[in-house]
Amino acid sequence: MRWLAALMKDVVQSLGIWLFALSGHAAETTESTQSSAGLPRIYAGDSPQWLAGDHHIHSRYSVGWDNDTDPPTPILGGDAIYPIAMNAIMARRHGIDWMVTTDHGGPNHSQVHLNHAYPELLESRKAVPEVIQFLGMEFDTPAADHTSLIFPQTDAEIQNLAEIEAKFNSREPWPADPLKNTPRQMLSALVAMKELPAPPLLIAHHPSRSASALGKFGKTTPSEMRSWNDLAPKIAIGMEGAPGHQAIAQSRARFEPSKLSQFLGESRPRGIYGSALGGYPTMGGFDQMTAVVGGFWDSMLREGRRWWITANSDSHTHWSDGGADFWPGEYSKTYVYALKTPASIFAALRAGRIFVVTGDLISSLDFKVSTANRIASIGQSLTVQKGEDVNIHIEIVEPTLPNAAGFSPKVRRVDLIRGDVQSAISEADHDALPRATVEKRFELSERRKRGEPVTMSLTVKNIQKSFYIRLRGTNTDEKEPVEDPDGEDPWRDLWFYSNPIFVEIEKVEA
């Protein structure tokens, strides 16, 4: 593994100069009080705040492979091209407070992480301290599609990642071992993660990218995600609601015909969810498992599962450099309600204190449920007595400055979605909850200034059953998100989604 020795030495010694020589994009060397997206910079303080993040970002250590050697030789920058600090600089520029580096695996890739990627991550943390940077990887999930694996910041973080990758990543062994790619192997991996002193988080990545139709899932199935959550509910916490790779239309417009376009053919652009890999597109930029009211996500929430959604860039190569991607935070953001510390952000992810947004449609969300003396917000539960009333409060804030595309979108409508919470279902592949409905559509007036809070409220009277509520909003006039067409401008079709709040009837002992 001497393929990076000289280059790594140069990077460690002169990281800043070398990074800026790579690209003209990163022209900012000082931190301003506001990002280019108009989002306020938030630093550690005494109170939690909404902190924007991106939990799935690739660096040049998502290597290619020279398969003419035995074992295959890693090729630096083969699948993603930027140094880790370059990603962090651009994340900072686009209003990101925290990020996760999640490189691909492959034959013996645990050694790439251990000996090369992790030292560069440590240097990136020093070079860009304003962005809290977590260690992770795009886990080649046994018997399923990819997952985002995120480790808490500890002294043993790299040892823990390298151990899990070496033992359980399905593409790690050489020669390839079919026994490393089975459902049992995945459950064994979760058991090993649970035994770590500081367990990681696992989030299903582009969960239905290989789906052939609506409800016809591919590599990752509802039953698999249920089995993960059953075994490790504090580790397997959710799925990606909005996938990355949403800049394909921009890439085609600038580089057609390109290698990327030749690969994709006439497939739908956003998230690489079209015919190239599956056949069913995103809906308003979101995976069908999230976007369909009464679909898979609602079926999980119906069972009372704390199953959260996120969003990310999946950045490999920026569209202006011929790739299919936005920079971290340029288009999609995952907001967590936390202090700006690694431990607080990690805990907020695990607890589901999250909302996600595309195109900087909103920058803050106050969503809570209350009775006369109790209150709960996103990711939490409120216990009430049967027959009580509950008050729902919603407040959104739109950024004051234009987004990265130069637009200042306004939310046209906010939907409050409700579903009953009942006992667990017996069919593991269940993917629908027809009784989940849009409880209320709030149509918003155009006569308002950006940056000023917009408030909505609703009272639900005489509660008889446990239920959950969640939010979504859009700048479009679509009542439900529709299939994204070829060549759609992603900046014109924007949505935000909140994670749920649970309202649970207090159990009365006999």
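Tutor: One term to start with: a salt bridge is a side-chain nitrogen of Lys or Arg within 4 Å of a carboxyl oxygen of Asp or Glu. Keep in mind that this is a predicted model.
Student: Okay. How many salt bridges does the count come to?
Tutor: By that rule, 28 salt bridges.
Student: Start with D493. Which residue does D493 form a salt bridge with?
Tutor: With R270. Their closest N and O atoms are 3.5 Å apart.
Student: Where in the chain are D493 and R270?
Tutor: In distant parts, 223 residues apart. D493 is in the loop between β19 (467-474) and β20 (495-498). R270 is in the loop between α9 and α10.
Student: Is D493 buried or exposed?
Tutor: D493 is buried, and R270 is too.
Student: What about R448, which partner does it have?
Tutor: R448 forms a salt bridge with E398, and the closest N and O atoms are 2.7 Å apart. R448 lies in the loop between β17 (437-443) and β18 (454-460), and E398 in the loop between β15 (390-397) and β16 (413-420), so the pair ties together parts that are 50 residues apart in sequence.
Student: Why does R448 count as buried?
Tutor: Because its relative accessibility is 15%, and buried means under 20%. E398 is buried as well, with a relative accessible area of 1%.
Student: Which residues do salt bridges with shared partners join into one network?
Tutor: R413, D415, R441, R472 and E480.
Student: And E130, what does E130 form a salt bridge with?
Tutor: R92, with the closest N and O atoms 3.2 Å apart. E130 sits in the loop between α4 (109-127) and β5, while R92 is in helix α3 (residues 84-93), so the bridge ties together parts 38 residues apart in sequence. R92 is buried, with a relative accessible area of 9%.
Student: New topic. Which residues touch the most other members of the largest nonpolar core?
Tutor: W98, F139, I164, L202, W228, M239 and V336. That core has 69 residues.
Student: Which residues does V336 touch?
Tutor: Leaving out residues up to four places away in sequence, V336 touches Q49, W50, L51, W98, I345, A348, L349, R353 and I354.
Student: What does the second core include?
Tutor: It is a separate core of 51 residues, and A52, A91, M99 and I394 are among them.
Student: How many of the lining residues are nonpolar, polar and charged?
Tutor: Six are nonpolar, nine polar and five charged.
Student: Back to I272. What phi does I272 have?
Tutor: A positive one, about 50 degrees, although I272 is not a glycine. I272 is in the loop between α9 (259-264) and α10 (288-291). It is buried, with a relative accessible area of 10%.
Student: And what phi does A143 have?
Tutor: Positive too, about 65 degrees, and A143 is not a glycine either. A143 lies in the loop between β5 (132-139) and β6 (147-151). A143 is partly exposed, at 24% relative accessible area.
Student: Last one. What kind of peptide bond joins D70 and P71?
Tutor: A cis one, with omega about 0 degrees. P71 is in the loop between β2 (64-66) and β3 (73-75). A cis peptide bond joins W174 and P175 as well, with omega about -5 degrees. P175 is in the loop between α5 (157-168) and α6 (183-194).

Methods. Residues are numbered from 1 along each chain as its sequence is written. This is a predicted model: local features need pLDDT of at least 70, side-chain atom pairs count only at pLDDT 80 or more; totals for chains, interfaces and linings use all residues. Side-chain values use heavy atoms; hydrogens and water are left out. A nonpolar core is a set of buried Ala, Val, Leu, Ile, Met, Phe, Trp, Tyr and Cys residues joined through side-chain atoms within 4.5 Å. Buried means under 20% relative accessible area, exposed over 50%, partly exposed in between (1.4 Å probe, protein chains only). Contact means heavy atoms within 4.5 Å. Helices (H or I, at least four residues) and strands (E, at least two) are DSSP runs, numbered from the N terminus. Ala, Val, Leu, Ile, Met, Phe, Trp, Tyr, Cys and Pro count as nonpolar, Asp, Glu, Lys and Arg as charged, and the others, Gly among them, as polar.
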